[in-house]
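Work through the exercises below with the sequence and the model side by side. Each task is followed by its solution.

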Amino acid sequence: MKKSNLEKHLVACPHCGKQVLDHFTQCPHCKGELTPSGYTGKHDIKAQQKIRTVLFVILLAVALFVLFVLPNITNP
Ligand SMILES: [Zn+2]
């Protein structure tokens, strides 16, 4: 069971053709550069990026509020 699960993440190295895990960024056989695909979960990364974008927008709004709106309220 464990072996078949591992085989799902095996891809052929584009440089030497040997089997490497798809999350490797470098081939352990020929040290060639690899493009990792999946494994860490693309959905999680997309969700994290979405959360980061939302947080950034909120932070920006708060920063703009503190910089431009608060001084007008406290110092009329
Ligand atoms: Zn290789």
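**Exercise 1.** What is the mean pLDDT of the protein chain, and what share of its residues reach 70 or more?

Solution. The model is predicted, so confidence comes first. The mean pLDDT of the protein chain is 84. A share of 84% of the residues reach 70 or more. By element, confidence is lowest in helix α1 (residues 2-7), with a mean of 70, and highest in β2, with a mean of 92. Where pLDDT is low, predicted coordinates should not be read in detail.

**Exercise 2.** How many helices and strands does the protein chain have, and in which order do the elements run?

Solution. Count the elements: there are 2 helices and 2 strands. Then read from the N terminus, which gives the order α-β-β-α. Two further figures describe the chain as a whole. Of its 76 residues, 1% are buried. Among contacts between residues at least 6 apart in sequence, 2% join residues at least 24 apart.

**Exercise 3.** Where is C16 found, and which residues does C16 touch beyond four places away in sequence?

Solution. First place the residue: C16 lies in the loop that links β1 (10-12) to β2 (19-21). Next count its surroundings. C16 has 13 C-beta neighbours inside 10 Å. Exposed would require 12 or fewer and buried 20 or more, so C16 is partly exposed. Then list the contacts: leaving out residues up to four places away, C16 touches C27, H29, C30 and G32.

**Exercise 4.** Is V11 buried, exposed or partly exposed, and which residues is V11 in contact with beyond four places in sequence?

Solution. V11 belongs to strand β1. Within 10 Å of V11 there are 17 other C-beta atoms. Because this count falls between the two cut-offs, V11 is partly exposed. Outside four places in sequence, V11 is in contact with V20 and D22. The C-alpha atoms of V11 and P36 are 9.9 Å apart, and these residues are 25 positions apart along the chain.

**Exercise 5.** What is phi of K31, and is K31 buried or exposed?

Solution. Locate K31 in the loop between β2 and α2 (42-74). Its phi is near 65°, a positive value in a residue other than glycine. K31 has 9 other C-beta atoms within 10 Å, so K31 is exposed.

Methods: Residues are numbered from 1 along each chain as its sequence is written. This is a predicted model: local features need pLDDT of at least 70, side-chain atom pairs count only at pLDDT 80 or more; totals for chains, interfaces and linings use all residues. Two residues are in contact if their C-beta atoms, placed from the backbone, lie within 7 Å. pLDDT is the predictor's confidence in each residue, from 0 to 100.
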